[in-house]
Amino acid sequence: AQDEDTGEMIVLLGKLLRWSSGTTDKFITLEDELEYIDTYLRLQKYRYEERLEVNIQIPDEYLDDFIPKLILQPLVENVIKHAFADKEDKGFIGIVASEKEGKRLEITIFDNGKGIEKDTLQEICEKLNQQVLQDLPESHNGYSSSPYIPLSDPDAASNPAVLFPHR
C-alpha cells in the first residue's frame, strides 16, 4: 500500500510540474485552474490524511471563463501553509463562485484556519493586483478595468475573493 501511495504521489507531482510548465498561456479556463487545484489538493491529502476536507462548488456555467493562470492555486496553497500550520483538528477549504453585479464572477476561498490580519491580507491583495495588472496586455477581457482581488468582506479577513469578468 505504501508503494502505491508513493507511486500516486509521484504521478500527482509530475502532473503539477507538467501543467505549470507546459503552457505559456497567461490565461486559462477556470476549469483548467480547478483541475490543477484538485491535483494539488490530492497531493496534500497524503500529508494531512483525514485532517483535510475540501468542498468546491463552482457552477458549470463558469468553467469556460478565462482567468489568469495560477491565480487561485497560490491562495489555496497559502491556506494550507498558514491557516493549517498548527491545526490539529480537521482543516476545511471551500471554493465557491457566484455572479456579482456588472457581469463579474466572484470566486471566494474560505477555510476554518487561524485567520490572517486584515492589514496583512490587504497588503497581499494589493501586491497580487499590481503583479497581475502589470502582466496584462493593454486590454484583455476587461481585467485592466480595476484591481480585482478585493477582500470579500472586511470582517472576514481570511476569506479573499477574486473578481473576474464573466462572459
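The legends below describe several views of one predicted protein model.

Residues are numbered from 1 along each chain as its sequence is written.

**View 1. Overview of the helices and strands of the protein.** The protein contains four helices and six strands. Helices (H or I, at least four residues) and strands (E, at least two) are DSSP runs, numbered from the N terminus. Read from the N terminus, the order is α-β-α-β-β-α-β-β-α-β. Of the 167 residues, 39% are buried; buried means under 20% relative accessible area, exposed over 50%, and partly exposed in between, with a 1.4 Å probe and protein chains only. The accessible surface is about 9,700 Å², and carbon and sulfur atoms hold 47% of that surface. Accessible areas come from the Shrake-Rupley method with a 1.4 Å probe, and for residues only the protein chains shown count as cover. Among contacts with a separation of 6 or more, 73% are between residues 24 or more positions apart. A contact means heavy atoms within 4.5 Å.

**View 2. The open sheet of four strands.** The strand order is β2-β4-β5-β6, and the pairing is mixed. β2 and β6 are the edge strands, each pairing on one side only. From one strand to the next, the twist averages 15 degrees. Two strands pair if DSSP finds at least two bridges between them. β2 (residues 52–57) and β4 run parallel and are joined by six bridges. β4 and β5 run antiparallel, with eight bridges, and β5 and β6 are also antiparallel, with five bridges.

**View 3. Bridge partners across the sheet, with isoleucine 95 in β4.** Isoleucine 56 has isoleucine 95 of β4 as its bridge partner. Isoleucine 95 is in turn partnered with isoleucine 109 in β5. Towards β6, isoleucine 107 is bridged to valine 162, and leucine 105 stands opposite phenylalanine 164. β4 and β5 form a hairpin with three residues between them, and glycine 102 in the turn has a positive phi of about 75 degrees. Four of the five residues of β6 are buried, so this strand is largely enclosed by the rest of the structure.

**View 4. Helices α2 and α3 against the strands.** α2 lies across β2, β4 and β5, and runs at about 170 degrees to β2. α3 packs on the sheet and touches β2, β4, β5 and β6; the direction of α3 makes about 15 degrees with that of β5. Axes are lines fitted to C-alpha atoms, for helices over the stretch in contact, and angles run from 0 to 180 degrees between N-to-C directions.

**View 5. Valine 76 and glutamine 73 in helix α3.** Valine 76 has 0% relative accessibility and so counts as buried. Beyond its neighbours within four places in sequence, valine 76 contacts Ile37, Tyr40, Leu41, Ile93, Ile95 and Ile109. The C-alpha atoms of valine 76 and isoleucine 93 are separated by 7.8 Å, although these residues are 17 residues apart along the chain. Glutamine 73 is also buried, with a relative accessible area of 7%. Residues up to four places away aside, glutamine 73 touches Glu33, Tyr36, Ile37 and Tyr40.

**View 6. The largest nonpolar core, with 33 residues.** A nonpolar core is a set of buried Ala, Val, Leu, Ile, Met, Phe, Trp, Tyr and Cys residues joined through side-chain atoms within 4.5 Å. Leu30 and Leu72 have the most contacts inside this core. At least two core residues come from each of α1 (2–22), α2 (30–48), α3 (73–83), β4 (91–100), β5 (104–111) and β6 (161–165). α2 gives the most, with eight residues. Leucine 30 touches Ile58, Tyr62, Leu63, Asp65, Ile67, Leu72, Leu105 and Ile107, leaving out residues up to four places away in sequence. In soluble globular proteins, nonpolar side chains tend to be buried together.

**View 7. Residues 143–157 and the confidence of the model.** pLDDT is the predictor's confidence in each residue, from 0 to 100. The mean pLDDT of the protein is 79, and 81% of its residues reach 70 or more. Over residues 143–157, pLDDT stays under 50; for this stretch the model has 50 contacts beyond four places in sequence.

Terms used. Predicted model: local features only at pLDDT ≥ 70, side-chain atom pairs only at ≥ 80, totals over all residues. Heavy atoms only, no water.
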